[in-house]
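Open the model in your viewer and keep the selection panel at hand. The tour goes interface by interface.

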Amino acid sequence: MSNTTEQVRKSLKARYRSEKRFRAFGISAVAFGLLAVVVLFTDIISKGTSAFVETYIQLDIHWDPAELGIDDPTDPEQVNYADYDALIKAALRERFPDVEDRLERRALYQLASSGAGFRLRDQLQENPDLLGTIQTRWILADDDVDMFIKADAEDRQNTRLPEVARPWVEALERDGHTDIQWNASFFSKGDSREPEQAGVWAAVTGSFFTMLVTLALAFPIGVAAAVYLEEFAPKNRYTDFIEVNINNLAAVPSIIFGLLGLAIFINLFGLPRSVPLVGGLVLTLMTLPTIIISARAAIKSVPPSIREAALGMGASRMQMVMHHVLPLAMPGMLTGAIIGMAQALGETAPLLMIGMVAFIVDIPGGPLDASTVLPVQIYLWADSPEASFVALTSAAIMVLLAFLISMNTLAVLLRKRLERRW
Amino acid sequence: METAQNLTDTARTIPAARMAQEPEAMNQKIPYPEQTIGKPLCDDPKMSMRNVNVFYGDSQAIYDVSLDIGKNQVIALIGPSGCGKSTFLRCMNRMNDTIDICKVKGSFMLEQDNIYDPKLDVVELRARVGMVFQKPNPFPKSIYENVAYGPRLHGLANKKFELDEIVENSLRKAGLWDEVKDRLDQPGTGLSGGQQQRLCIARSIAVSPEVVLMDEPCSALDPIATAKIEELIDELSSQYTIAIVTHSMQQAARVSHRTAYFHLGRLIEVNDTNTVFTAPEHALTEAYITGRFG
Ligand SMILES: Nc1ncnc2c1ncn2[C@@H]1O[C@H](COP(=O)(O)OP(=O)(O)OP(=O)(O)O)[C@@H](O)[C@H]1O
Ligand SMILES: [Mg+2]
């Protein structure tokens, strides 16, 4: 008897040791994962936050009809095509009268963003009385100025702002004529060659429509396929074959789906390129296996006693599925859908194949408008030479993450509501 | 030799241990009867089964069983584990249809209707022949919804008050009304095991079936809950025909009018419960009810 106790005690010690070891492994694995996430997030956030604000410079704008080349401010045609850049140039000349050299003038004109004129146009359209008056206005600065202002004192040497322009910007800053404001256009505009005018909204709506198409197709089709395979299909060689192929499809590289989409949806069916509809179709093909597999697992986990109860009450198979199996399996199915949709949201390669890599300025209005998606936009910006695009890239990544998190939160809330006790 | 003696002692008190000890010996010593002994048939049967053979794939689970169940009668099916009681019971409302490899031969009549007639709708059949399972299996819905499920499914109630009435009556018959009347909207799964089983009984009698099949309805319950359900079966027998599978000889003796003894897929003996338990005719039956094997 005492011999056994001793043996047990010895083995207990070893068991505790191995348990501790295992716990240590577990904790270090989790810590490593957390560390990776923290590093990633700090990097992205530290790089990206500066893109959420942008620099403006204050100038006295003279709404000079001669410079604008118009005489009637109520004529929309004239107002539309007037030369607003000339007003900004004149204001800059006014502010820095010493600059006379032609090349230096050019550098001076580049302090303002090339898109700044459009805002003046909008103002004149709204208020024709401005014509002829002199007004103080905040003008969007060029991205080089923006980088210079945002940089620390030591780093300013390394920015791309030309030597000649530096004293001017410093003078503006000293006089309090520069200001950093919320970058609203980042959340309302499409892509642009000029970093200070580039926005992420076209990509967000593109992603939204693509996800909508994907969800609307992949979820019902996936659930229907899973229900059929689990509840109705006979177990024979054909269904085995289908099952093996579904599992294989889940492992196919996503770019293959892009090529397939190009060949079938665009070349064969003649659907337009670069549109969320085709993107959604391609991503549907890609996410279907994930959704089918997880939906089947969810259906399998519904206790057989519930099915027996339903059948025993005289429910048909269809009623059994509709009344009991589907409601009980729905939370698990949603989990699968979340994973599939998250995958689809971050997917770039297949969308490149169907032309969603286009330069999109206009906000798409529906799934048939040319558009791009967030990950492709990130790819495009990461690939751009201008230094300001680095911040934009990180900012876009943050938007993508926010999109992902809100999508998942929605699904998790939905799942919570559907979850039942048994 | 001392240990052997010990084992035999244990076996006397625990039949299961005895079974493990001499499983085949028993079968070889006592031959099956040529025909079912006793009175398997009755004059005015509610259900009558003839020459039933059931196969799971290649292995046969039921061998040539013929049995009648009289109107408003409680028949107990007893026998050692694996002898085919559940299989036979499940054939009576075609629950075995759901098992692909299961093949059923022979005739099953519910009064004038052939249960296995391809033209007969299983939905209708299961409304007439209800089933209560071994493990309480209420739907993960409210108590009300559990009971209302059958009537809704079969369109038995068109108005809310009719449905309310059916739910209340069924719960009353199942002896559960007083315990749950204040919490009809709470989940049926939140009840105790015994209450859940009574809820399942209420659920199956809500569609006013003619026959209720019960597969070991008390095996997961404590003695008090069991006593309640036995009482309930007694009351229900005035309105319904009941077939109950049970492992408890006492239960069979308490609730049933007739008892059928199965052994390895064969129906050995059927008689009035009293006769079976006081004067079993066949040696296998006697061996089983005296606890000589499980
Ligand atoms: N789904 C099935 N597939 C294959 N064989 C089965 C299946 N169900 C039951 N069997 C076999 O049929 C025989 C009878 O089983 P059954 O469940 O009817 O026994 P039982 O009398 O109800 O036993 P218990 O008292 O343990 O519930 C057993 O040999 C069993 O292995
Ligand atoms: Mg059984």
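Which residue of chain B forms a salt bridge with Glu308(A)? Select Glu308(A) and Arg90(B): they form the salt bridge, with the closest N and O atoms 2.7 Å apart. A salt bridge here is a side-chain nitrogen of Lys or Arg within 4 Å of a carboxyl oxygen of Asp or Glu.

Before moving on, note the ground rules. This is a predicted model, where local features need pLDDT of at least 70, side-chain atom pairs count only at pLDDT 80 or more, and totals for chains, interfaces and linings use all residues. Residues are numbered from 1 along each chain as its sequence is written, chains are lettered from A and ligands numbered from 1 in the order in which they are written, and side-chain values use heavy atoms, with hydrogens and water left out.

**Stop 1: chain B against chain A**

Show both chains. The rule finds 1 salt bridge across this interface. It also finds 6 residue pairs in polar contact, both residues at pLDDT 80 or more. A polar contact is a pair of N or O atoms within 3.5 Å; within protein, one must be able to donate a hydrogen and the other to accept it, and residues adjacent in sequence count only if both atoms are side-chain atoms.

Pick out Pro140(B), Tyr149(B) and Leu153(B): they supply 28% of the area that chain B buries against chain A, more than any other three residues. Buried area is the accessible area (1.4 Å probe) that two parts lose on being put together, summed over both.

**Stop 2: inside chain A**

In chain A, 6 residues of domain 1 are in contact with 7 residues of domain 2. The area buried between these domains is about 540 Å², with carbon and sulfur atoms giving 73%. Show Ala51(A), Phe52(A) and Met147(A) on domain 1: they lose the most area to domain 2, together 64% of what that side buries.

Technical notes. Contact = heavy atoms within 4.5 Å.
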